[in-house]
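Work through these exercises with the structure open. Try each task before you read its solution.

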Amino acid sequence: MKKVILDLKVSEAKHLSPNHILIKLTHQDPLPDMLPGQFVEVRVDNSPETFLRRPISIHFLDREKNEMWLLVAAVGNGTRKLMQLKQGDLLNCVLPLGNSFTMPVSAAEERILLVGGGVGVAPLLYFGKVLAEKGSRPAFLLGAKTEKDLLQLDEFRKYGDVYLTTEDGSAGEKGFVTNHSVLAQKFSRIACCGPQPMMKAVARYAKQTDTPCEVSLENKMACGLGACLCCVEKTTEGNLCVCTEGPVFDYKRLLWEL
C-alpha cells in the first residue's frame with residue numbers, strides 16, 4: 001500500500017477528558033486507502049524537545065466527510081503538545097503505515113470479539129465499522145481504570161454490542177477484561193489492543209479456548225519505516241520490526257510466556 005506525507009487540516013479537536021483528545025483530520029484531496037489496524041506517524045511542530053514523529057493508531061475513517069480520526073492520550077511531551085491542536089491547524093502525517101487486522105472471509109457468519117484497554121481501544125472502532133459493513137455485529141469488550149477513562153462508547157455501540165469493565169467497578173463489571181462474564185460465550189476469533197499485560201492475558205485466554213487471536217502491539221516507534229530498529233519484537237521468525245511487520249500479529253508468532 002502506497003505511503004504518503006500529507007499536511008492534514010484539523011476539522012475538529014474535541015477534548016474527551018483532561019488527558020484525551022479526538023482529532024478529526026481532512027484534506028482537499030481524497031484521503032488514501034487505509035485498513036483497520038494501520039497507523040500514522042505525526043510530526044509534532046513547535047515542540048523543541050520533541051524530535052521524532054509519534055505513532056498514532058487510525059481510530060476511524062469517514063469517507064463521506066473525507067475525515068480520518070485520531071484518538072490521542074497525553075502520555076509525554078509530544079502527545080501533550082497534540083492536546084493543544086485546534087480547528088484549522090495543520091498536522092503533518094505519514095500514512096498509512098503497518099499491516100492490518102485480518103478480515104474474515106465470511107464476517108457475517110462469525111462471532112468476533114474486539115478487546116481494548118485504555119487508549120488501545122482506538123484501532124478497534126474502525127475495525128468494528130468495517131466488520132459491520134460486511135454483515136457482522138462484533139462484540140466490543142472495553143476496559144479502563146474508571147468510568148471516566150472509557151472513551152467513545154456511543155460510537156462503538158453503532159457497530160456492535162459493547163461490554164465494559166473498570167478496575168474500580170464504576171462502570172460495567174468490576175475487574176479486568178479477562179474477568180468479564182461475556183468470555184463464557186464462544187467466539188470464532190479475537191482482535192486485541194492495549195497494554196501488554198492485558199494483551200498477554202487475552203492471548204492466554206485465546207490459547208486456553210483455542211480461539212484465533214491477533215494483537216496490535218504498542219512498541220515505541222520512531223521512524224515507522226523499519227530503519228531505526230527501536231520497535232523490534234522477538235518472534236518465532238526472529239527479531240521483527242513492529243512498524244513494518246506489524247503492528248498486528250497472531251499471538252502465536254510472539255515469544256510470550258503464556
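**Exercise 1. Overall build**

How many helices and strands are there in the protein chain?

Solution. The model is a predicted one. Its protein chain holds five helices and 15 strands. Next, take the radius of gyration, which is 18 Å. The globule rule gives 18 Å for 258 residues, so the chain is as compact as a globular protein of that length. Along the principal axes, the C-alpha atoms fill a box of roughly 50 × 40 × 35 Å. Then look at burial: 53% of the 258 residues are buried. Last, check contacts with a separation of 6 or more: residues 24 or more positions apart account for 60% of them.

**Exercise 2. Surface and charge**

**Exercise 3. The nonpolar cores**

Which residues touch the most other members of the largest nonpolar core?

Solution. This core has 32 residues. Leu113, Val115, Ile190, Val215 and Leu217 touch the most other members. Several elements supply at least two residues each, including strand 6 (90-97), strand 7 (112-117) and strand 11 (189-193). Helix 4 gives the most, with six residues. Now pick Val215 and leave out residues up to four places away in sequence. Val215 then touches Cys192, Met199, Pro247, Val248, Phe249, Leu254 and Trp256. Another core, of 27 residues, lies apart from the largest one. Ile112, Phe140, Phe156 and Val248 are among its residues.

**Exercise 4. A helix and its surroundings**

Decide how far helix 2 (residues 122-133) is enclosed by the rest of the structure.

Solution. Count the buried residues: 10 of the 12. Helix 2 is therefore largely enclosed by the rest of the structure. Among the buried residues are Leu124, Tyr126, Phe127 and Lys129. Now ask what they pack against. The buried residues of helix 2 meet strand 4 (54-62), strand 5 (67-73), strand 7, strand 8, helix 3 (153-157) and strand 11. After helix 2 comes Gly135, with a positive phi near 95 degrees.

**Exercise 5. Backbone exceptions**

Solution. Start with the rule: most residues other than glycine have a negative phi, and most peptide bonds are trans. Check the peptide bonds. The one from Leu95 to Pro96 is cis, with omega near -15 degrees, and Pro96 sits in strand 6. The bond from Gly246 to Pro247 is also cis, with omega near 10 degrees. Pro247 lies in the loop between helix 5 and strand 15 (248-250).

Now check phi. Asn66 has a positive phi near 55 degrees. Asn66 is in the loop between strand 4 and strand 5, and is buried at 15% relative accessible area. Asp210 has a positive phi of about 55 degrees. Its loop runs between helix 4 and strand 12. Asp210 is exposed, at 61% relative accessibility.

Terms used. Residues numbered from 1 in each chain as written. Predicted model: local features only at pLDDT ≥ 70, side-chain atom pairs only at ≥ 80, totals over all residues. Heavy atoms only, no water. Helix = DSSP H or I, 4+ residues; strand = E, 2+ residues; numbered from the N terminus. Rg over C-alpha atoms; globule rule 2.2 N^0.38 Å. Buried < 20%, exposed > 50% of the residue type's maximum accessible area, 1.4 Å probe, protein only. Contact = heavy atoms within 4.5 Å. Core = buried A, V, L, I, M, F, W, Y, C linked by side-chain atoms within 4.5 Å.
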